[in-house]
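Open the model in your viewer and keep the selection tool at hand. Each stop below tells you what to select and what is there.

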Amino acid sequence: MTAASGQYETTLMAEMGKTDAPTLFQVNGPVGLANWKDYCYDLTGSAILGDLTNESFALKEGGATLGVAYVVESYGLIVNKTLLDKAGYSIDDIKSFADLKKVAEDITARSGELGFAAFSSAGMDGSSDWRFKTHLANLPIYYEYKADGIGSTDAIKGTYLDQYRAIWDLYINNSTCKPAELSAKTGDDSRNEFLAGEAVFFQNGSWEYGNLVGEGKFTDDDLAMIPIYIGGENEATQGLCTGTENYWCVNKEADPADIQATLDFIYWCVSSEEGAAAMANEMGFVIPFKNAVESPNLFVKQDVAMTEAGLIPVSWNFPTMPSEEWKNGVGSALTVYAADQTDANWEAVVSAFVDGWASEYAMLQG
């Protein structure tokens, strides 16, 4: 069963109440697991865990392994290299936030003669806002966690929210549309602008590759993915944002025979020649298992190359965000600020980020 966009949790709750409840479901990390841990079969000793390439892809609670990651993805700034070249730059010219700002603002200053903008629209419609209230918001969280030597917190400090403002300002003021129009812009709008050659940069992930290449679209030679620079420490060593929030869980309330059949199925998906090939070629997934088939995805290959060159991937910390309500609060505040970029409106973003985080975690903890 496929849930509608943004409705997975609601759909799962409805399905789990039925007599023929799913035997396999997913959670998005530690926060998602908190709602479902009582339903999760302990995968300790299962065949699929033995094939993981890195134990960090097992989702644990106490001594039990309650979930296993089934796809690793990367996101960053997708670049139209052809347009960037027309503007007089290459991706080698962008190694920091200062570089990105210089290039983007120069493109904006010459957009009339160039015929394109720096960024596709940072749409805040529900089909697009996750890119900014979740994926972009990961960057200040990542740098704060890194500075404090932690992997989660119930009280975010907002140490890097000035940098979050700087990158958001860059996106919305050097775009294909006026900032006040962003509330109605969709994910399709942003992609279509990029496909039409209206923008050089498009924040998205490796999952977007199949929508960008092919007949009448781009070739691999046209595209690249670069890190999202916000002005954090040691940006020269920063790689793409690489991780997962997709973990398979097996319903321990299911019939024992169905539990075993489910364990056999997910192991087949990642270990058999046919299953692993389907995961890579038909679904476009990079799986963290020993029998993984090399992905044809350009952005995946670039992530591997960056990591091999010594760049440090930015970890996915948004599974530690306290709730969807928190994300929605940040998204609403970002949208208001985009339309009227005052310090007071940015303070509302800071409050949604910091105070909202604390209050949502307090609710989680009862």
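Helices here are DSSP runs of H or I with at least four residues, strands are runs of E with at least two, and both are numbered from the N terminus. This is a predicted model, where local features need pLDDT of at least 70, side-chain atom pairs count only at pLDDT 80 or more, and totals for chains, interfaces and linings use all residues. Residues are numbered from 1 along each chain as its sequence is written, and side-chain values use heavy atoms, with hydrogens and water left out.

**Helix 8**

Now select residues 138-148, which form helix 8. Eight of its 11 residues are buried. Buried means under 20% relative accessible area, exposed means over 50%, and partly exposed lies in between (1.4 Å probe, protein chains only). The buried residues of helix 8 include Tyr142, Tyr143 and Tyr145. Asn138 and Glu144 are also among them.

**The whole protein**

Zoom out. The protein has 16 helices and 10 strands. Its C-alpha atoms fill a box of roughly 65 × 45 × 35 Å along the principal axes. The radius of gyration is 21 Å, which agrees with the value near 21 Å for a compact globule of 366 residues. That radius is taken over C-alpha atoms, and the globule rule is 2.2 Å times the number of residues to the power 0.38. Buried residues make up 51% of the 366.

Contact means heavy atoms within 4.5 Å. Of the contacts with a separation of 6 or more, 73% join residues 24 or more positions apart.

The accessible surface comes to about 16100 Å², and 50% of it belongs to carbon and sulfur atoms. Such areas come from the Shrake-Rupley method with a 1.4 Å probe; for residues, only the protein chains shown count as cover.

**Strand 3 and its partners**

Select residues 64-69, which are strand 3. Six of its six residues are buried. Which strands pair with strand 3? Two strands pair if DSSP finds at least two bridges between them. Strand 2, residues 58-61, runs antiparallel to strand 3 over four bridges. Find glutamate 61, which stands opposite alanine 64. Two residues lie between the strands in this hairpin, and glycine 62 takes a positive phi near 65°.

Next, select strand 9, residues 247-250, which is antiparallel to strand 3 and joined to it by two bridges. Here alanine 69 stands opposite tyrosine 247.

**Threonine 262**

Go to helix 12, residues 256-271, and pick threonine 262. Is threonine 262 buried or exposed? Its relative accessible area is 7%, so threonine 262 is buried. Not counting residues up to four places away in sequence, threonine 262 touches Thr23, Leu24 and Val250.

**The nonpolar cores**

A nonpolar core is a set of buried Ala, Val, Leu, Ile, Met, Phe, Trp, Tyr and Cys residues joined through side-chain atoms within 4.5 Å. Show Tyr164, Trp168, Tyr171, Phe201 and Phe353: they touch the most other members of the largest core, which has 63 residues. Apart from it lies another core, of 35 residues, among them Leu43, Ala69, Trp248 and Ala276.

Return to tyrosine 171. Leaving aside neighbours within four places in sequence, tyrosine 171 is in contact with Leu77, Phe119, Phe132, Leu136, Gln203 and Ile228.

**Salt bridges**

Side chains of opposite charge can pair when their charged atoms come close. A salt bridge is a side-chain nitrogen of Lys or Arg within 4 Å of a carboxyl oxygen of Asp or Glu. By this rule there are 12.

- Select lysine 133 and aspartate 129: their closest N and O atoms are 3.0 Å apart. Both residues are buried.
- Select glutamate 193 and lysine 185: here the closest N and O atoms are 4.0 Å apart. Glutamate 193 is buried at 7% relative accessible area, whereas lysine 185 is partly exposed at 21%.
- Select glutamate 324 and lysine 327, which meet at 3.2 Å, N to O. They sit three residues apart in helix 15, residues 324-339, so about one helical turn separates them. Glutamate 324 is partly exposed at 44%, while lysine 327 is buried at 7%.

End at Asp188, Arg191 and Glu208, which a network of salt bridges links together.
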